[in-house]
Amino acid sequence: MAHQWRGVIREYMDRLPFTKDDPVVTLGEGGTPLIEAPALARLLDVGSVHLKFEGMNPTGSFKDRGMTTAVSKALGDGAKAVIAASTGNTSAAAAAYAVKAGMQSVVLVPAGKISWGKLSQAVAHKAQILQVRGNFDDCLRLARELSENYPVFLVNSVNPNRLQGQKTAAFEVVDVLGEAPDLHAMPLGNAGNISAYHLGYREEVADQRIKKQPMLYGIQAAGSAPFIQGSPVAKPETIATAIRIGNPASWDLAQEAKRDSGGGFGSVSDKEILWMHRFLSQEAGVFVEPSSATGAAGLYKLKQLGELPKVDRIVVTVTGHGLKDPDWALKDENGRKIKPKKVPTSASSVAEILGLERK
Ligand code: AN7
């Protein structure tokens, strides 16, 4: 009989701060595919690389894992409205889960700096969307202040219930591989995700499901790389708008994740991000938004610098779906717009254009 995945709270209830009497707001998030990418393994010269394709979540990003837990807890606490600052994906997830919970949502986004795919989701799910004349860091400061003084629940990853949900991605990796990878890389923005994986892997070690946690690598966009600079970046800039964040909220947790796992931070240029974005589409068959290619791009850069640790198994989380921010796929390496050829309605002329010989 067909089995439907029940969402991360029900699948992992014994390892989350929930009991069966708590309300559960779910859209069936989690259970995302771990896809082997031999082309990437060859590029990095390692035994295997698996992509944890978080674009397969209900709203198209990993944010759904933390939103099911945060919104469920908010509902249990009697919330009528949730608020989130966002570079886009959190706003889409907050809006969708608020609808499912029967709540209002308010999302604060940096004006003109979120992709239209994400904006369309927040609009579709009737969020109250406010474009703040500032960057993500300004939005988060505002959201925190509003939630402290007004009856709106904050569902950004500074809400610990978010990390609880997001840690389930580490559980899934171990469940599918049967062990931990040697190294696990991902894009790094506000630093909630790397902190959540660290939490998840640490629990796996404590429960003796794995012997050792993977080295956790967080990769930033070069124009928005506070963890490389060692301090907040006042004016972050990158085409990877999802991770255009200068003052990451989970700073200490991410530092701890790196130190405790023996991992590292890295940064890549927008050009390197877009190169990997194309590589994943063309060589792995996995279409992600540019920001989501940052983890793999960072590993490739480390490889080129001779700084990639000697490891066998790698997992890379690709955090959001390509359809979130599709414009980049419609440009070639030189930034020129790609326009598919127009052809007449005759098989022989189409065959000629395709260079096909008659069989
Ligand atoms: C596709 O939606 O911060 O390091 O407001 O959308 O946990 O912040 C998004 C972040 C990576 C970075 N990849 O994760 C938001 C937001 C994608 C993202 C990140 C984000 P964190």
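These legends go with a set of close-up views of a predicted model.

**View 1. Strand E10 sits between two parallel partners, E2 and E7.** Strand E2 (residues 48–53) runs parallel to E10 and is joined to it by 6 bridges. To find your place on that side, look for serine 48, which stands opposite arginine 313 of E10. Strand E7 (residues 183–187) is parallel to E10 too, this time with 3 bridges. Here the pair to look for is leucine 183 and isoleucine 314, with the isoleucine in E10.

**View 2. A four-strand open sheet in the order E5-E4-E3-E6.** The pairing here is parallel. E5 (128–132) and E6 (153–154) are the edge strands; each has a single partner strand, so one side of each has no neighbour in the sheet. E6 pairs with E3 through 2 bridges, again in the parallel sense. Isoleucine 83 facing leucine 154 of E6 makes a handy landmark.

**View 3. Helix H4, largely enclosed by the rest of the structure.** H4 takes in residues 89–101, and because 11 of these 13 residues are buried, there is a lot of protein around it. Among the buried ones are Asn89, Thr90, Ser91, Tyr97 and Ala101, along with a run of alanines that includes Ala92, Ala93 and Ala94. What do the buried residues of H4 pack against? Helices H3 (63–76), H5 (116–124) and H7 (160–166) are on the list, together with strands E3 (81–85) and E4 (104–110). The length checks out as well: at 1.5 Å a residue H4 should span 18 Å, and its end C-alpha atoms are 18 Å apart, so the two agree. Just past the helix, glycine 102 has a positive phi of about 75°.

View 4. A backbone N or O atom of threonine 87 is 2.8 Å from a ligand oxygen atom, and glycine 189 places a backbone N or O atom 2.8 Å from a ligand oxygen atom. For asparagine 190, the distance from a backbone N or O atom to an oxygen of the ligand is 2.7 Å. On its own the ligand has 470 Å² of accessible area, and the protein covers 98% of that.

**View 5. Positive phi at alanine 191 and glutamine 208.** Most residues other than glycine have a negative phi. Alanine 191 has a phi near 75°, and it lies in the loop between E7 and H9. Glutamine 208 has a phi near 60° and belongs to the loop between H9 and strand E8 (215–221). Which is buried and which is exposed? Alanine 191 is buried, with a relative accessible area of 2%, whereas glutamine 208 counts as exposed at 72%.

**View 6. Valine 205 in helix H9.** H9 is made up of residues 192–206. Valine 205 has 28% relative accessibility and so counts as partly exposed. Leaving aside neighbours within four places in sequence, valine 205 is in contact with Ile210, Lys211, Lys212 and Gln213. Alanine 180 is 25 residues away along the chain, with 9.5 Å between its C-alpha atom and that of valine 205.

How values were computed
Residues numbered from 1 in each chain as written. Predicted model: local features only at pLDDT ≥ 70, side-chain atom pairs only at ≥ 80, totals over all residues. Heavy atoms only, no water. Pairing = 2+ DSSP bridges. Expected span 1.5 Å × (residues − 1). Buried < 20%, exposed > 50% of the residue type's maximum accessible area, 1.4 Å probe, protein only. Contact = heavy atoms within 4.5 Å. Polar contact = N/O pair within 3.5 Å; in protein donor to acceptor, adjacent residues only side chain to side chain. Areas by Shrake-Rupley, 256 points an atom, 1.4 Å probe, with all protein chains shown as cover.
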